[in-house]
Amino acid sequence: MYDFDIVVVGGGPAGLAAAIEAKNNGVDRILVIERDRELGGILQQCIHNGFGLQIFKEELTGPEYAERFILELQKKEIMYKTDTMAIHVSPDKLVTIMNAAEGISHIRAKAVILAMGCRERARGAINISGTRPAGVMTAGAAQRFVNMEGYMVGKEVVIFGSGDIGLIMARRMALEGAAVKMVVERKPYSAGLTRNIVQCLEDYDIPINYTHTIVGIKGRERLEGVVISKVDSKKRPIAGTEEFVSCDTLLLSVGLIPENELSEAAGVKLDPVTGGAVVNEAMETSVEGIFACGNVLHVHDLVDYVTLESRKAGKNAARYVKGLLEGEGTIIEIRAGSGIRYVVPHFVRLENLKDELELYMRCDDIYNDKKLIVKIDGKSVKEVYKRRLMPSEMERVKLDPKEVLRKAKGSITVEIEKEVQ
Amino acid sequence: MQKKEMICIVCPLGCQLEVAEDSRAEKGYKVDGNRCKRGTEYGIKEMSDPTRVVTSTVRLKGAYLRRLPVRSDGPVPKKLVFECMKRIAEAEVQAPVRMGDVIIENILDTGINIIASKSMQPLQPLTAISP
């Protein structure tokens, strides 16, 4: 049995930023648990650039972004264990870990930061009919094979889903000499960032087939092709529009799911919309002293926002350990109004509101020339004009704590301005 | 006259640009469809001198992974991207490597280097585990 002030589960961008920030706020006994051989998480396989514009004001690759945080962690002498799996977190913050050298051990923590990230939806989650040949895998699995392990996964590629990893892998496979035939997307718009559509697809003349789906997988040993079909407005395949596309590789980029098995075992309440924990302004979950940040909380599109959010979790976990976080007081609910799918955090405890209140949210559709409206108890307190709002791009709104403290009694709502009649 | 449609990627707005050669314009191109002046700059750059940062991997020996991620330390002309990939494919590196080490100097005489984007420790020799 070990004793630590804070145990951070996951050594990716969220865990690294949270651990460093907790240390910066005066907590010394911190342990980071990482299941991979090295720290850095998924950043280590994201060898493309574009990370760090917010945090470092320059464009870094994933491994570079990770290495800066890893060096900082080591400089601050924060302890970490790699090749180690956290297998259980109890509601009273007893963390069970396991590795090959030490077997199973238990750690008693004063606070736990959940930073396990997310995983990809796979073929089983989207029910594509057909055979089960080799060559069908998630885009992220292919990314690890190609960029880290050094295996080229195929020669003729179709990508299903236009999530960012799928788009990035379309370019990567094209650069490595594969024929990338098309990206198939069920919706009429992309699930990824616009700049990825331009720099990953248009640069390489890779077509994207919107409002199409994959209805069949062909091939016995190795994938020989897929059957694509148009879909109607309810995303149902339209009979008679099927078309065979030959390929030896199908990469799936059909969504990410926060990896919350440990959170659930710890009794943490989850939000059915985000798939992550319900948290307050301190990034604290429904279980006192257990915090969550990064993609395990809600899926982000920029790592910079993961870092910012995780610093908040780290700072507040340190406050909690030092007894500076108020557990009681006035609780204000934060609600997603019309046009908004979700807002994180879900609650704010007014007594803890020291810094600005930062709200992260996603909308439910594409909107042009609309105002994002924040209401406190039904009264508008902030209106931000947006030329374009897209489900694929997360929005961030900052509120002045003084204004929230002065006005809020019941709830804060974020909504998109309704159509003017 | 050369004319091209493109989506501006400077910000999330994604303006649909139309960039056309225009001898009367200051920089030789006229940009339409943009909603701010950064769109003009982007459109002209994409038309006259498109560049990209190249990121890839090289063969790595003596480390626990077989690939080392690399990138160009500045943008290279877009038309040279595939030529750069060929040179990168020929390179091989022995661990240890430090982030920022130059892997290929002055690739294709562009003045741009290909650098390591990750540090890699040498593999520790395996020692038998005694029972």
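Where is Lys235(A) found? Lys235(A) lies in the loop between β15 (225-230) and β16 (243-246) of chain A. The model is predicted.

**A charged patch**

Lys235(A) belongs to a patch of positive charge on the surface. Arg121(A), Arg186(A), Lys187(A) and Arg341(A) gather there with Lys235(A). Lys235(A) counts as partly exposed because its relative accessibility is 34%. That class lies between the cut-offs of 20% and 50%.

Strand β27 of chain A spans residues 411-416. Of its 6 residues, 6 are buried. Ser411(A), Thr413(A) and Glu415(A) sit on one side of β27(A). Ile412(A), Val414(A) and Ile416(A) sit on the other. Both faces are covered.

Strand β23 of chain A spans residues 357-363 and is mostly covered too, with 7 of its 7 residues buried. Leu357(A), Leu359(A), Met361(A) and Cys363(A) point one way. Glu358(A), Tyr360(A) and Arg362(A) point the other way. All of these β23(A) residues are buried.

**Strand partners**

| Strands | Sense | Bridges |
|---|---|---|
| β20(A) (331-336) and β27(A) | parallel | 4 bridges |
| β24(A) (367-376) and β27(A) | antiparallel | 5 bridges |
| β21(A) (340-344) and β23(A) | antiparallel | 4 bridges |
| β23(A) and β26(A) (395-399) | antiparallel | 5 bridges |

Ile412(A) in β27(A) is the bridge partner of Ile334(A), and Ile412(A) is also the bridge partner of Ile376(A). In β23(A), Cys363(A) stands opposite Ile340(A). Tyr360(A) has Arg396(A) in β26(A) as its bridge partner.

Terms used. Residues are numbered from 1 along each chain as its sequence is written. Chains are lettered from A and ligands numbered from 1 in the order in which they are written. This is a predicted model: local features need pLDDT of at least 70, side-chain atom pairs count only at pLDDT 80 or more; totals for chains, interfaces and linings use all residues. Side-chain values use heavy atoms; hydrogens and water are left out. Buried means under 20% relative accessible area, exposed over 50%, partly exposed in between (1.4 Å probe, protein chains only). Helices (H or I, at least four residues) and strands (E, at least two) are DSSP runs, numbered from the N terminus. Two strands pair if DSSP finds at least two bridges between them. Patches are made of residues with over 30% relative accessible area and no salt bridge: like charges are joined within 9 Å, nonpolar side chains (Val, Leu, Ile, Met, Phe, Trp, Tyr) within 5 Å. Accessible areas come from the Shrake-Rupley method with a 1.4 Å probe; for residues, only the protein chains shown count as cover. A salt bridge is a side-chain nitrogen of Lys or Arg within 4 Å of a carboxyl oxygen of Asp or Glu. Lys and Arg count as positive and Asp and Glu as negative; His and the chain ends are not counted. The place of a charge is taken as NZ of Lys, CZ of Arg, CG of Asp or CD of Glu.
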